[in-house]
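Please look over the entry below before reading on. The points after it are meant as a colleague's note, to be read beside the structure.

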Amino acid sequence: MNIYLFWILFLALWAIVPIMIIKGKADKLPEIKTASQVKTKKKGWFN
């Protein structure tokens, strides 16, 4: 019985970890910038 439990947990771990990695990468992709960061107009020769 312990062998069956071990294999169930082992395979579940190998199934969950890649999903967590993929979800973590997908969460970082859409970077939403807040409205508080307003671009200031540069005063220079060519602007």
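The numbered points below take up the overall fold, the surface and the aromatic rings in turn.

1. The model is predicted, and its secondary structure comprises one helix and zero strands. That helix, helix 1, covers residues 2–28.

2. Of the 47 residues in the protein, 0% count as buried. The accessible surface comes to about 5,600 Å², and carbon and sulfur atoms account for 71% of that area.

3. Which residues form the nonpolar patch on the surface? The patch consists of Ile3, Phe6, Trp7, Phe10, Leu11, Leu13, Trp14, Val17 and Ile21, which together have about 970 Å² of accessible area.

4. Ile21, one of the residues of this patch, lies in helix 1. Its class follows from the cut-offs, since buried means under 20% relative accessible area and exposed means over 50%; Ile21 has 47% relative accessibility and therefore counts as partly exposed.

5. Four aromatic pairs are counted in the model. In one of them, the ring centres of Phe6 and Trp7 lie 5.4 Å apart and the ring planes stand at 70°, so this pair is edge-to-face; the cut-off for that class is an angle over 60 degrees.

6. Both partners of that pair also belong to the nonpolar patch. Phe6, at 46% relative accessibility, counts as partly exposed, and Trp7, at 44%, likewise counts as partly exposed.

Technical notes:
Residues are numbered from 1 along each chain as its sequence is written. This is a predicted model: local features need pLDDT of at least 70, side-chain atom pairs count only at pLDDT 80 or more; totals for chains, interfaces and linings use all residues. Side-chain values use heavy atoms; hydrogens and water are left out. Helices (H or I, at least four residues) and strands (E, at least two) are DSSP runs, numbered from the N terminus. Buried means under 20% relative accessible area, exposed over 50%, partly exposed in between (1.4 Å probe, protein chains only). Accessible areas come from the Shrake-Rupley method with a 1.4 Å probe; for residues, only the protein chains shown count as cover. Patches are made of residues with over 30% relative accessible area and no salt bridge: like charges are joined within 9 Å, nonpolar side chains (Val, Leu, Ile, Met, Phe, Trp, Tyr) within 5 Å. A salt bridge is a side-chain nitrogen of Lys or Arg within 4 Å of a carboxyl oxygen of Asp or Glu. Rings of Phe, Tyr and Trp (its six-membered ring) pair if their centres lie within 6.5 Å; planes under 30 degrees apart count as stacked, over 60 as edge-to-face and the rest as tilted.
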